[in-house]
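Here is a short report on one protein model. Look at the chain first, then read on.

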Amino acid sequence: MSDRREQYLKIALLVFGLIFLVGIHPMMLLWPSGWAWTPDQAEYRVMILGIYATLGVFLILAARNPMAHRSLIWFTVWSSAVHAAIMAVQAIVDATERGHLFGDVAALFLVAIVLALLMPRGADATA
């Protein structure tokens, strides 16, 4: 893995980790049509915030040595893509949720794509 690519991966892990840790709640408050699903339920909000804050902490820790945390990073890639795909279908089916296509759906696809592109494959993945 090139030093430059690893640096970009470390930065991406740190940025996404911080957003997951402290950024989702403000986005739910500032742009609810793109980040908070209806009906607004405090239990749902706390659950989502708890899951993503926990993932955020682990992504921040993984930024120190990404290759030691490959499975966590690939879990983040695939779980983000699956979560975004499910939400995309739900947003398309339910017209009141269409704002999510430009909010959390797009954000999770971005996380998945960026991390997948930065993660090494083949011989680079084991180095």
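Arg 45 is partly exposed, with a relative accessible area of 22%. The cut-off for buried is under 20%, and exposed means over 50%, so a value in between counts as partly exposed. This is a predicted model.

Which residue does Arg 45 pair with in a salt bridge? The partner is Asp 40, and the closest N and O atoms are 3.0 Å apart. Asp 40 counts as exposed, because its relative accessibility is 52%. How many salt bridges are there by this rule? The count comes to one.

Thr 38 and Pro 39 are joined by a cis peptide bond. Its omega is about -5 degrees. Pro 39 sits in the loop between helix H2 (32-35) and H3.

**The nonpolar patch**

Now turn to the surface. Leu 14, Leu 18, Leu 21, Val 22, Val 57, Phe 58 and Leu 61 form a nonpolar patch there. Together they have about 560 Å² of accessible area. H1 and H3 each supply at least two of the patch residues. Which helix gives the largest share? H1 does, with four residues.

Two members show how this looks up close. Val 22 lies in helix H1. It is exposed, because its relative accessible area is 56%. Phe 58 lies in helix H3. Phe 58 is partly exposed, with a relative accessible area of 45%.

**The largest pocket**

The largest pocket has a volume of about 230 Å³. Its lining is made of 18 residues. Which of them lie nearest the centre? They are Phe 20, Ile 24, Trp 35, Asp 104 and Leu 108.

Four helices each supply at least two residues of this lining: H1 (3-30), H3 (42-62), H4 (70-93) and H5 (104-118). The largest share, six residues, comes from H1. What kinds of residue line the pocket? The lining divides into 16 nonpolar, one polar and one charged.

**Buried or exposed, and how far apart?**

Tyr 8 has its place in helix H1. Tyr 8 is partly exposed, with a relative accessible area of 45%. Glu 97 belongs to the loop between H4 and H5. Is Glu 97 buried or exposed? Glu 97 counts as buried, because its relative accessibility is 3%.

The table gives pairs of residues.

| Pair | Apart in sequence | C-alpha to C-alpha distance |
|---|---|---|
| Phe 58 and Thr 96 | 38 residues | 33 Å |
| Tyr 8 and Val 82 | 74 residues | 24 Å |
| Glu 97 and Val 22 | 75 residues | 23 Å |

Phe 58 and Thr 96 are 38 residues apart along the chain, and their C-alpha atoms are separated by 33 Å. For Glu 97 and Val 22, the values are 75 residues and 23 Å.

**Putting it together**

H1 supplies the largest share of the pocket lining, six residues. H1 also supplies the largest share of the nonpolar patch, four residues. Val 22 and Tyr 8 can both be found along this helix.

Definitions and conventions
Residues are numbered from 1 along each chain as its sequence is written. This is a predicted model: local features need pLDDT of at least 70, side-chain atom pairs count only at pLDDT 80 or more; totals for chains, interfaces and linings use all residues. Side-chain values use heavy atoms; hydrogens and water are left out. On a 1 Å grid over the protein atoms alone, a cavity is a set of points where a 1.4 Å probe fits but cannot get out, and a pocket is an open set with protein on both sides within 12 Å along at least five of seven lines; lining residues have an atom within 4 Å of a point. Grid points are joined across faces, edges and corners, and a volume is the space filled by probe spheres set on the points. Ala, Val, Leu, Ile, Met, Phe, Trp, Tyr, Cys and Pro count as nonpolar, Asp, Glu, Lys and Arg as charged, and the others, Gly among them, as polar. Patches are made of residues with over 30% relative accessible area and no salt bridge: like charges are joined within 9 Å, nonpolar side chains (Val, Leu, Ile, Met, Phe, Trp, Tyr) within 5 Å. Accessible areas come from the Shrake-Rupley method with a 1.4 Å probe; for residues, only the protein chains shown count as cover. A salt bridge is a side-chain nitrogen of Lys or Arg within 4 Å of a carboxyl oxygen of Asp or Glu. Buried means under 20% relative accessible area, exposed over 50%, partly exposed in between (1.4 Å probe, protein chains only).
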